[in-house]
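Please keep the structure in view while reading, and find each element as it is named.

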Amino acid sequence: MVIQSQSLRDRQVASLEKILNLNHASNESSTTHHDPSAANGLIPKATPILNSDGEPIWKVLVFDSLGRDVISSVLRVNDLRTWGVTIHLNLSSARHPIPDVPVVYLVEPTAANLTLINQDLSKNLYSEAYINFLSSIPRPLMEDFAAQIAEAGTAESINQVYDQYLNFVVAEPDLFSLALGKETYWALNSANAKDEEIDTLVDRIVSGLFSVVVTMGAIPILRCPRGGAAEMIAAKLDRKLRDHILNSKDNLFSGQGPRSAPAAVTPTSRPVLVIVDRNVDLIPMLSHSWTYQSLVHDVLKMHLNRITIETPIDEENPSKGRTKKAYDLTSNDFFWSRNAGIPFPQVAEDIDTELTKYKEDANEITRKTGASSLEDLQTDNPNTSAQHLKAAITLLPELRERKAILDMHMNIATALLKGIKDRQLDNFFQIEENITKQTRAQMLELLNDNSKGSEPLDKLRLFIIWFLSTEQDISRADMERFEEALTKAGADVAALTYVK
């Protein structure tokens with residue numbers, strides 16, 4: 001029997017759930033040769049730990065900024081409650097004592113975080129601590145932490161200490177980010193960046209990639225171009241993998257742990273990890289795409305799978321201000337999964353199709369039960385047969401979830417349409433499709449045209465794409481005219497210095 005392998009998001013969710021379950025492995029999955037999922041390289045599902053009353057063990061979750069991002073990209077508050085988390089707090093925030101409840105820490109192994117954890121233990125904020133580091137804690141830091149614990153006499157408060165290898169953010173089933181911030185590209189390419197800063201950043205990238213490899217449970221074949229940061233990162237990652245395999249007592253790839261690769265994996269079936277510099281192709285970062293997902297990123301505020309939309313409180317009276325509404329994209333969002341990479345006009349058509357289908361399904365249920373609407377379904381309706389009523393009640397949660405998802409995407413599409421019209425993104429997309437055919441005169445005319453969109457950055461992006469793509473000779477005088485037009489349009493032309 002062929003068992004489909006888990007995606008990176010599935011594996012990260014399984015690891016997080018195990019952490020929330022106090023790193024408990026169920027009895028069924030403790031012996032790998034009896035667990036078909038473990039035998040195929042899949043992470044066994046943890047079963048909730050129950051107390052003496054048969055209820056989940058309630059706990060407090062404390063995380064730092066990266067821990068928050070890792071969790072919030074794949075889990076929501078309801079998911080945390082399912083695993084017994086009553087409250088979640090930031091490590092650096094002021095927190096009140098809850099002495100009869102255990103605490104689960106999910107943090108980066110930094111000196112500042114270790115000091116804060118030791119302070120919590122000294123104050124007896126929680127009954128016992130389950131400490132989970134997002135990456136492997138360096139030995140010197142671990143020794144310092146042990147010395148602090150010994151000096152404070154709080155060792156009995158610590159129940160567990162684990163390296164979890166989860167210092168990366170998963171936005172989609174097989175797409176991840178190392179959450180390094182917006183200055184990463186500058187640091188790796190600027191002549192002003194210090195060697196110490198570059199080394200620190202490279203080490204963070206290597207640590208994040210190592211965690212991804214560990215989570216996937218298979219050692220990849222590394223490929224990279226010669227020279228630049230890509231080769232430096234690949235060399236350090238290769239060294240880290242070799243050192244771990246040769247020197248670690250607990251080999252994460254030995255096949256003994258739940259994250260190990262399938263037993264049937266052969267050298268020829270190993271995955272390939274290709275590491276390249278962003279400079280290989282700058283244009284995709286700047287281009288105006290026409291797909292649903294790209295437009296959401298470009299037009300709306302999207303962070304960690306949460307979309308924020310600003311709408312007027314009163315359409316007829318804009319002076320009343322604007323209100324914000326947030327929508328979460330979850331793994332069970334069928335519409336997003338199917339339409340994220342689809343051109344926006346087709347997405348609008350699919351919303352109408354799905355709404356029509358929903359109405360037909362709802363009408364079918366109400367027709368069989370004799371109710372006027374889904375909200376009117378009552379168990380004591382004498383005109384409703386027990387069989388039809390049971391079927392309706394079974395389908396109601398699914399129908400309501402479908403309706404909520406479709407309403408959410410209808411609101412998102414409406415906000416997108418307004419943003420597209422205001423910025424004339426359809427025109428920018430069409431021009432970029434034939435960017436090499438644009439002449440210097442046409443480009444200068446477009447940059448000087450105040451009616452072409454409301455966002456100066458769109459014009460700057462378009463010009464850089466044209467500049468990197470065109471085969472025409474651009475003189476210094478031409479460049480000065482382009483920069484003058486962009487500055488007049490309100491764009492910051494500092495980036496052109498690097499592009500040139």
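This is a predicted model: local features need pLDDT of at least 70, side-chain atom pairs count only at pLDDT 80 or more; totals for chains, interfaces and linings use all residues.

In strand β3, the residue Val103 is the bridge partner of Val60.

- The pairing of strand β1, residues 59-63, with strand β3, residues 103-107, runs in the parallel sense and extends over 4 bridges.
- These strands belong to an open sheet of 5 strands, which are arranged in the order β2-β1-β3-β4-β5 with parallel pairing.
- Because β2 (85-90) and β5 (158-163) stand at the edges and each have a single partner strand, one side of each is left without a neighbour in the sheet.
- From one strand to the next, the twist averages 15°.
- As background, the strands of a sheet pair through backbone hydrogen bonds, and this pairing can be either parallel or antiparallel.

**From β4 to β5**

- Strands β4 and β5 are paired in the parallel sense, over 5 bridges, and within β5 it is Asp163 that stands opposite Phe133.
- To get from β4 to β5, the chain passes through helix α7, which covers residues 139-152, and the β-α-β crossover made in this way is right-handed.

**Helix α1, the sheet and helix α9**

- On the sheet packs helix α1 (residues 8-20), which touches β1, β2, β3 and β4 (129-133), and the direction of α1 makes about 145° with that of β3.
- Helix α1 also meets helix α9 (residues 195-216): their axes come within 9 Å and cross at roughly 90°, which means that α1 is roughly perpendicular to α9.
- On the α1 side this contact is made by Leu8, Arg11 and Gln12, and on the α9 side by Val212, Thr215 and Met216.
- Sorted by class, the residues in the contact of α1 with α9 are 3 nonpolar, 2 polar and 1 charged.

**Helices α17 and α19**

- Helix α17 (residues 440-448) packs with helix α19 (residues 476-489) at an angle of about 20°, their axes being 8 Å apart, and therefore α17 is roughly parallel to α19.
- The crossing of α17 and α19 is left-handed.
- From α17, the residues Arg440, Met443, Leu444, Leu447 and Asn448 meet Asp478, Arg481, Phe482, Ala485, Leu486 and Ala489 of α19.
- In the contact of α17 with α19, the residues divide into 7 nonpolar, 1 polar and 3 charged.

Methods: Residues are numbered from 1 along each chain as its sequence is written. Side-chain values use heavy atoms; hydrogens and water are left out. Axes are lines fitted to C-alpha atoms, for helices over the stretch in contact, and angles run from 0 to 180 degrees between N-to-C directions. Helices (H or I, at least four residues) and strands (E, at least two) are DSSP runs, numbered from the N terminus. Angles under 35 degrees count as roughly parallel, over 145 as roughly antiparallel, 65 to 115 as roughly perpendicular and the rest as oblique. A crossing is left-handed if the near helix is turned anticlockwise from the far one by less than a right angle, and right-handed if clockwise. Contact means heavy atoms within 4.5 Å. Ala, Val, Leu, Ile, Met, Phe, Trp, Tyr, Cys and Pro count as nonpolar, Asp, Glu, Lys and Arg as charged, and the others, Gly among them, as polar. Two strands pair if DSSP finds at least two bridges between them. A crossover is right-handed if, with the strands pointing away from the viewer, the path from the first strand over the helix to the second runs clockwise.
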